Amino acid sequence: VEIGLKLAHAVICDTDVTIIGAEAPVVKPFAEEHHPPPPSALEGLRVVDLSTGISGAYCTKLLSDFGADVIKIERPGLGDPIRAYPPANDPTQPLETGALHLYLNTNKRSVTLNLDTLTGRDLVERLLVGADALVDDREVGKLAAQGLSPDSLLQRFPRLVVTQISPFGQTGPYANIPACNLTAFAAGGQMSLTGDPDREPLKNGGYQALYQAGLNAFAATLAGLWSAAETGEGDSIDLSGMECMASTLELMLNTSCYLHTAHFGGRRGNVLSAAIGVYPCADGYLGIHAMPRNWPALTALMDAEWMREDPRFHDAASRLGHDDELRAEMYAWTSGQSKKEAYARAGEIQAPVAYVHDMADLFSSPQLASRSYLSPVDHPLAGELTYPGPPFRLSATPGRPGRAALLGEHNEEILQGVLGLTRADLDVLTGEGVTS
Amino acid sequence: MTRLPLDGIRIADLSAVWAGPYATRLLADLGAEVIKVESPNNPDLLRALSLLPPGTENTWNKSAYFNHNNRNKLGVSLDLANPRGRELFLKLVEKCDAVIENYRAEVLDKLDLGYGVLKAAKPDIILVSMPGHGKDGPERDYVAYGTNVEQLAGLASLTGYRGGPPQKTGISYGDPVAGAAAAGALLLALLARRRTGRGQYVEVAQREALTGLIGEAVVGYSMTKEIPPRIGNRHPFWAPHGCFPSAGEDQWITIACRDDAEFVALCGVMEMPALATDARFAIAPARHAHQDDLEAIIGGWTASLDRFEVFDRLSAVGVPAMPVLTYVDLYENPHLRARGFFEQVTHREAGTWDMERQLYQFNRQSEHIRRSAPCFGEHNDYVFGELLGLSKDEVAALEKEGITATTPNMASHQ
């Protein structure tokens with residue numbers, strides 16, 4: 001402890017600390033050691049990531065995949081909790097080979113630091129000397145309790161962008177209530193609209209409440225980085241997942257705000273109206289989304305040109321008035337279709353019909369293959385697996401492929417290389433449980 | 001006025017409906033000057049979705065769906081298919097940092113406004129396109145509207161009750177996801193331009209952007225080669241993790257326990273302490289294996305209780321719980337109200353009402369909604385006159401020739 005405190009003292013009082021940070025050798029991330037480095041959008045920017053959830057991990061994955069040097073701070077021993085999510089490719093290495101971790105922690109550098117120790121926190125502060133952004137998705141109040149409140153950080157690091165991601169925001173009556181993806185999703189309103197009317201509301205697949213917060217936090221952080229570059233001043237950002245979801249209820253919330261009506265109803269299952277829905281077909285499910293202008297193409301696809309003339313179906317209003325009959329026509333048609341053939345024929349005549357792609361369909365999609373969207377990434381413990389590419393393509397500064405870091409893989413690189421500690425310091429820190 | 005993060009950035013916005021306008025709403029809220037360009041003959045579809053009674057005057061300026069997603073923007077009308085209209089657009093591009101569009105893949109090239117053309121007008125321009133499938137590949141010209149995107153992305157296959165069909169999300173979920181992704185992608189390109197001095201072409205294929213939000217399922221499939229089953233509201237290893245009925249018609253509450261301690265706390269609130277030591281439920285793997293039994297017990301307990309009472313009691317002991325909030329609940333929600341989430345906005349034709357505020361709350365660089373959404377063609381004078389330097393007569397001639405308009409032709413949305 002005493003050595004830890006001395007170190008802390010040195011960090012806080014040593015006037016050279018800024019110079020250490022400024023002169024820190026830039027260690028190339030893994031991917032750049034193995035590929036000729038294409039220019040990256042965020043080259044030269046450093047992000048310290050304290051997150052322990054999917055929101056923060058997705059935010060910083062996007063930053064790191066586009067070139068930022070993301071330093072991920074993890075608990076000694078267990079690491080980021082998302083490491084433990086199944087499935088794992090090697091059950092004997094559950095913390096290194098889980099699919100969620102492998103996907104979300106690409107291109108980051110992992111350093112283990114115990115933030116329950118004063119020394120651990122001081123080392124984080126030293127990392128912030130050379131950092132452009134701090135991202136945290138832990139429970140509200142944790143950052144401040146560790147002496148790292150956004151206000152105090154901005155006093156010491158005026159150019160820093162501090163992004164705090166949470167299910168409900170940093171303030172307000174829900175700020176401190178416990179939450180997970182399911183309860184956060186229920187708060188955002190999307191769940192009330194999803195599922196069958198005669199059953200319970202349904203969350204959508206995976207961890208969408210948390211991912212949405214992470215995606216928005218990424219955009220918000222970039223806006224902060226832009227502004228900091230322009231003005232030399234950083235800022236802190238309070239990103240509430242609930243607010244992001246509540247703003248995206250199609251016309252429900254906005255029109256209700258304006259007209260004070262509540263007539264849109266709730267869950268409408270898989271078929272909103274006959275022309276917009278998911279229908280079973282012979283070998284899967286077809287999705288139809290026909291607007292009035294698509295009616296000719298849809299009826300052509302169905303070999304049902306007669307419906308254009310039929311008074312029940314000839315315009316949008318009459319179709320809505322005979323929705324049940326039109327649904328019956330749709331079910332009858334889709335039941336005889338094979339998904340890939342119907343989709344291909346729809347494509348040829350630009351009819352608005354897609355099919356529900358399951359994971360096998362993604363892996364065999366001619367479109368995704370043509371664009372090389374899925375690609376192999378090797379990992380020393382998990383082996384070669386298939387990963388989605390970046391969610392958007394920047395022609396001049398593309399996203400970079402890369403793998404997830406092993407727990408504490410970059411301890412020496414960062415603690416010695418960046419912070420200038422000695423091997424002996426590291427041994428002491430390890431002995432005290434500050435790192436591992 | 002408060003400085004905003006994107007002060008000084010100007011974006012020409014050719015996008016319509018939801019995904020693109022949502023992206024530029026996020027950017028406009030952050031301070032960018034977004035100039036929305038609509039065709040006199042094909043105005044933004046959202047202007048037609050007002051749900052106002054037929055015969056309402058100028059309904060196209062009163063659609064809440066449009067006005068929420070286009071606030072803080074300027075609006076002009078311009079026929080890009082007209083040579084003079086196209087020329088004026090390129091003049092506008094010269095004064096912009098970025099152009100964003102969500103046409104179908106082939107449309108921008110057909111207008112002869114592809115990236116090369118824009119770059120010739122403004123060498124460091126950033127172009128963000130948001131096609132459904134991407135601008136290349138065998139499916140590039142396939143139609144992919146709102147709900148199709150989650151079907152193509154793989155998300156729909158993961159959503160659904162146990163043993164049931166894939167289920168659609170209640171909204172066109174691909175739209176706001178692509179919108180937020182496009183806002184981020186545009187900012188990436190701006191930051192890259194700052195360092196390299198060069199603009200670039202940016203593509204957000206909507207289905208790919210959404211697959212990014214289920215990446216673990218993709219990586220997981222490459223491990224197991226097994227199609228993941230639909231698991232309803234359940235979790236891979238936590239239990240309970242579900243949605244339960246509560247008192248009242250169609251009222252629901254979600255409850256989850258992330259560890260054994262939270263389950264003990266739940267049992268305490270339910271006044272069923274014996275459950276916590278029941279062999280079926282004492283530890284997470286056992287609870288996960290006996291979820292049918294457990295959900296029946298919890299559902300029996302919640303069924304007669306008010307959902308907010310359950311929420312308060314469980315929150316107080318650290319158990320995640322939340323009523324399934326509807327859009328009506330959200331409008332009145334005390335938490336959102338306490339955070340100032342709704343702000344009153346006055347629109348010169350649509351009146352005064354509450355609108356959700358800027359989503360990305362910066363401590364120093366946030367501002368109330370600065371301006372309501374543009375009426376159709378509202379800023380023709382400012383943009384063509386003040387910004388591009390046309391005389392009053394020239395601006396008037398544009399409207400006379402039908403190259404601009406202040407009354408849209410809504411026929412295409414009938």
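How many helices and strands does chain A have? In this predicted model, with local features requiring pLDDT of at least 70, side-chain atom pairs pLDDT 80 or more, and totals for chains, interfaces and linings using all residues, chain A has 21 helices and 13 strands (DSSP runs numbered from the N terminus, helices being H or I of at least four residues and strands E of at least two). Residues are numbered from 1 along each chain as its sequence is written, chains are lettered from A and ligands numbered from 1 in the order written, and side-chain values use heavy atoms, without hydrogens and water.

Of the 436 residues in chain A, 62% are buried (under 20% relative accessible area, with exposed over 50% and partly exposed in between; 1.4 Å probe, protein chains only). The C-alpha trace of chain A spans about 85 × 50 × 45 Å along its principal axes.

Just after H9(A), A:Gly189 adopts a positive phi of about 95°.

H9(A) meets H10(A) at an angle of about 75°, their axes lying 7 Å apart (lines fitted to C-alpha atoms over the stretch in contact, with angles from 0 to 180 degrees between N-to-C directions). The two helices are therefore roughly perpendicular (65 to 115 degrees). A:Asn181, A:Ala184 and A:Phe185 of H9(A) make this contact with A:Gln208, A:Ala209, A:Leu210 and A:Gln212 of H10(A) (heavy atoms within 4.5 Å).

Technical notes: Parallel < 35°, antiparallel > 145°, perpendicular 65-115°, else oblique.
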